[in-house]
Each structure stands twice: as C-alpha cells, then as structure tokens.
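The sequence and structure are shown first.

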Amino acid sequence: MIPARFAATRFPGKLMKDLEGTSVILRTYQAAVRSELFEAVYVVTDSKIIFDEITTNGGEAIMSIKEHECGSDRIAEAVVDMDVDIVVNVQGDEPFTDRESLERVLNVFHGEDADRIDLASVMKPMTEWDDILNPNSVKVIVDKDNYALYFSRAPIPYPRDKEANTTYYKHKGIYAFRKEAILDFYKLPMRTLEASEKVECIRYLEYGKNIKMVITHHEGVEIDTPEDLEKAKRIIKKENLLSTTTTTQPCATTATHKNFPMVPRVVFGNGSFNQIDSILATERKGLSPFVFLVDDVFKDNTAFIEDRLALKNGDKIIYVSTKEEPKTSQVDTLVQEIKDKYILPSGIIGIGGGSVLDLAKAVSIMLSNPGSAADYQGWDLVKNKAVYHVGVPTISGTGAEVSRTTVLTGPDRKLGINSDYTPFDQVILDPELIKNVPNDQWFYTGMDCYIHCVESLNGTYLNAFSQSYGEKALDLCKEIFLDGSLDKNDADAKLMMASWHGGMSIAYSQVGVAHAMSYGLAYVLGTKHGIGNCIVFDKLEAYYPEGVALFKEMKKVHNITLPMGICADVTEEQLDTMTSVALSLDPLWENALGADWKDKVNADVLKAIYRKL
C-alpha cells in the first residue's frame, strides 16, 4: 500500500512533480511493483489527480472514503475488508524504494522473535551531521535487539558526550504491519507525543506495540523539498548515463568520455599550512570533530605539525605508521577506531606522504560505505559520497593529493579504490612542509612522478588532456633532478607542481609496466611504492628506452644507489604471486602495450625481469 496525499504541507503537489519524464508517485509505484515481492500493489489516495495518474498508467489505486491525518489511517481504511496477513506501507515520496529494503523488512516476520512483532520498519545509518540536525529527517533509537524505543525529529540521543560510541539512524518510510496491528492503530486516538512530533509510528509506541527495526544502507532520496526533487533528478540522470550501452563495437578512434571530478579547492605557497584552521572552520558540522591522520614521523616533532593545529570540539590526531604500504585491513581498523569514538567526524585530514594521503582518502570513503575497504578495490565501485577530506602532502611526487585513486594492498592484490568520491575536497600545498625530507626519499618519491609521466606519455591511452599535464610534469622533473641551478626552496616548490601535474596526467590516462610490476613487488615483499617503482623501472629499457636512460642519469646526479638482489631469494610460488598481481591490472597493460597486450607479455616474461631485481 502506498498512501498518497496531494496537499503535502512542506511541498504541496510533490507526488505529481515531474521526475525525468515520470511523476514521483508513479515512479514509487513502479519501484514497488518491480520488487516482485507482493501479491498486489495499490496507491491509496484522496486525490482524483493521483488516482488517475496511477490507473491511466496501468496501475491499481483506491480512493479514500474519509479524511485522514496520516498514511497508516488511510491504509487501515483500505485493507479492513481485504483478506491479507501482512500489509507493507511504502511512502509515496520515495521513488528509489529498493527490493533489498522491502525484503529485509518482510523477513522479520519469519525470525525467531516473529511472535513479538506488531510491525517492522527500516532505518539507515546517518553520515552527515546536517542531516542529523535536520527536522525533516526522522531519527530512531533502538534497544539491543533493534526494537524501536523512540522516534524524533530532534537528534536522538543528544551528543552530550562526544566520545560516546553513537550511531545515528534515519527512519525510512517503509513499514510492514500485521493486519490486526494497523487496524488497532486506526481505532486508537492520537496522543500528545505523536501530535508534537508529527511522526505517526510514535502512536504505536505510546500504546505499547513492538516495532522491529532493520538496517539498510540503501541510498535513496525522500522528496520533501524542491531541493530533494533536483537531487533525485541528478541521480536518475546519472543512472541513465551509466546504463546506456552501445550495440556496435567502437572503432579504434572512438573514446568513452568520462566526467571525472577533480580537486575543487587548492591553496599553494610557503606558509599556506597555517591557514588550515580557517579552511576547516567552514566545514565543521556542529559538535562533530575533525580527525587528523598524521604520518608518525612527526610524532616526536610536535612543533612541525601538531602544535600548529587548533584542535577543538574533540578533534583527534591519529598518528599512522607508513613503514609498510597502506593496507585495506589498516583502513578498516582506522574506520572502526573512529566509529568507536565519534558519531561521525566533520572530516578526515591526511597529513603526510602518499601513503597517508591514500589512507585519508580510503578512510573518508569507508566511513560512509558499508563493508571492508577490500570490497571497493577496483574502478567505480563506491556508491556513497565520502566524508569531507583534506590532503596536506609533506612529501611530493606520488600525485596522491590530486589522484582519484587510493592505492591499497588487500587480501588478494594491490589495487586502488578508483572512484568519483576518492579525490580530496581540499588540498593544501605548502613547500615548507617538504624541506626536511631525506635525500633518498625525496628522490624516490619524485621519481614516482617522473615514471608517471613516462608511462602516460608513452601509453596508448594518451590524449591532449593527459599529454598537456604529463609534458609539463616531465619538464619540471628534468629541471628539478638534472638542473643543478635550482636552490632547495625552488626545487621543492617545483616538485609540488610536478607531482600535481603528474597526478593530473593519469586522471584521463593510465600508468604502465613499472607500476604494474611494482604492485607485484609490494604485495609479496612489502616494498614501498616509490623505491619499488625505481627498482623495476631501472630494468625496463625494452619498454621505455629513453625514459630509463634519463632515469639512470638522474640517479648519477643525486648519488642514488638502488637496492640490488631483492628477488634473489624469492621462491617460485612468490614469483607466481608477483606476476599474477601485476598481470591482473588490465588497464595498465593495455595503456602500455595496446589492446592486444596479452599477446606481448606473459608470466614468463615478467618472471625474467623480476629475477634481475
């Protein structure tokens, strides 16, 4: 049953508003029918306009006989003479109602405590403080068995103790009733709590009914305001775009034009890190704190980073180790640590090298997406917007500050979370923060940028966008690592720009052989990314002859001696794993060697290279 009133108080006529060619109410009806969970689906309405909208489009509708204050009353009148056991109430303003949520709410009537349940409903963890404070979002609190204790338009519980382990839940407009429960509701008068909050399910609690809540992570939109309607339109446009397929094979010159997001705000210059407090102030959400993930190399040098952060409202610094490459398990641990202490942070700020920046991006994603970080390794798997996140590099070259990827080692492979929600919302580029980086580390990380450029500029994915950024980054790298006329301050400033341009060069392109093989090294031996790239690239004359020759010259200028024999004692099984990880990165190989790359390289070829390292 879908109760539908035309004269909505907050947004009159909202159910008949156009939503990309279909009315809101018809989309909701169609979503319920598509679930294939019900013997019948009806819209129950007081409006001839809505009634005609459903019936003329092949649906079933019932006109209410009486005036009703709420949807449950309207449904009760409609089902009084129907032979039904369970009645499901789907709100008419939820056009994205999904099968999973409907199925979960129905399944409670088959559980061990089914005899206790009068009705069931749905709740979703809330990730935005603005939403928690919004009176249009009804919150629910539950007991240990997920039975509802109370519903409110206010934030419940009140966050007096900001350190408490609290998850806020938003009540979603889906109910499943036993028929006798909804008929009881119809007979019982409204009491003061329901009248005050204007939340109808409070009436059940006031009369001692048991409401079982189930959790969903489905991200929909309730059409309560004109802004909600516009948001829903954007979602449908995106879904239509993603579902569009071609029935013909594209020719060699045809490209898929992806609407990639970039970092929207960036500040550059010596001392710009001192602005971090004013930058964050506009993004603070009520009492919700910021969490700073800081490279633990600064733990004993608080004057450099920690003492310059104006902590307030329970803001927290978490020092993270970068001795090993970032792992999905490390992300999951950090996310759980944050969730155990806070409702939801106003933002995640990563301060450190590429590893810390990748961790900050991944943590911000996983705070608003269910499951493990390993579930999202790949391309465009993230569904929910990340928590606000800021990147502050203290070493440059990786391009992590601008990239739409966060590279992680998972249980099965090393692979990035590459998504529209990965890029930082804000980046602070302060060359003073990288002035004390040890020479070897400065070189290895800078070479990551250089190798990005070589692989991008020599790849089959090359286009004007990636070429323009890649060429600029490459020129800067040559100036930084070969021209002895630059002083340290100028070199650091230009390395920050090289890193930025190098990261941008692969936003619309890809890296290649060195990165693929470095991922294999990192997965098996734990080799850090920067030095791993250098070790591999040094042996790739067959693929990048000019780039490797210039790299060897740069090594000589900076007195760099690469580790040798790192694969001398690896087993055949380890070699198999290295090559398997490397060869699993199809886009990197296609960029490096073309669409027929599998005819040009195989495990034996890679093993021969690994044995030289």
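## Annotated C-terminal span

The end C-alpha atoms of residues 444-581 lie 22 Å apart, and the span is 70% helix and 0% strand. Helices (H or I, at least four residues) and strands (E, at least two) are DSSP runs, numbered from the N terminus. An unreviewed UniProt entry lists residues 444-581 as "domain: Fe-containing alcohol dehydrogenase-like C-terminal"; UniProt positions follow the numbering used here, feature names are shortened, and annotations may be inferred rather than shown by experiment.

The model is predicted: local features need pLDDT of at least 70 and side-chain atom pairs count only at pLDDT 80 or more, while totals for chains, interfaces and linings use all residues. Residues are numbered from 1 along each chain as its sequence is written, and side-chain values use heavy atoms, with hydrogens and water left out.

## Domains

The protein chain is divided into domain 1 (2-226), domain 2 (265-436) and domain 3 (441-612), with bounds from an automatic or database domain assignment. The centres of domain 2 and domain 3, taken over C-alpha atoms, are separated by 24 Å. Between these two domains, 30 residues of domain 2 are in contact (heavy atoms within 4.5 Å) with 26 residues of domain 3.

## Nonpolar cores

A nonpolar core is a set of buried Ala, Val, Leu, Ile, Met, Phe, Trp, Tyr and Cys residues joined through side-chain atoms within 4.5 Å. Buried means under 20% relative accessible area, exposed over 50%, and partly exposed in between (1.4 Å probe, protein chains only). The largest nonpolar core has 97 residues, of which Y450, F537, L540 and W589 touch the most other members. Helix α13 (residues 439-457) gives the most to this core, with ten residues. At least three residues come from each of domain 2 and domain 3. A second, separate core of 35 residues includes I25, I54, L106 and V221.

Beyond its neighbours within four places in sequence, Y450 is in contact with L474, C477, F537, E546, G547, L550, F551 and M554. Elsewhere, 13 of the 13 residues of helix α12 are buried, so this helix is largely enclosed by the rest of the structure. Helix α12 (residues 354-366) reaches 18 Å from its first C-alpha to its last, close to the 18 Å expected at 1.5 Å a residue, where the expected span is 1.5 Å times one less than the number of residues.

## Aromatic pairs

The whole structure holds 14 aromatic pairs. Rings of Phe, Tyr and Trp (its six-membered ring) pair if their centres lie within 6.5 Å; planes under 30 degrees apart count as stacked, over 60 as edge-to-face and the rest as tilted. The F443 and F481 rings have centres 5.8 Å apart and planes at 90°, so this pair is edge-to-face. It joins helix α13 to helix α14 (residues 464-482), across 38 residues of the chain. Both F443 and F481 are buried.

F537 and Y544 form a stacked pair, 5.9 Å centre to centre with 25° between the planes. F537 is buried at 0% relative accessible area, and Y544 is buried at 5%. Ring pairs link W442, F443, Y444, Y450, F481, F537, Y544 and F551 into a cluster.

## Backbone features

A cis peptide bond, with omega about -5°, joins I156 and P157. P157 is found in the loop between β9 (148-152) and β10. E20, in the loop between β2 (18-19) and β3 (22-23), has a positive phi near 55°.
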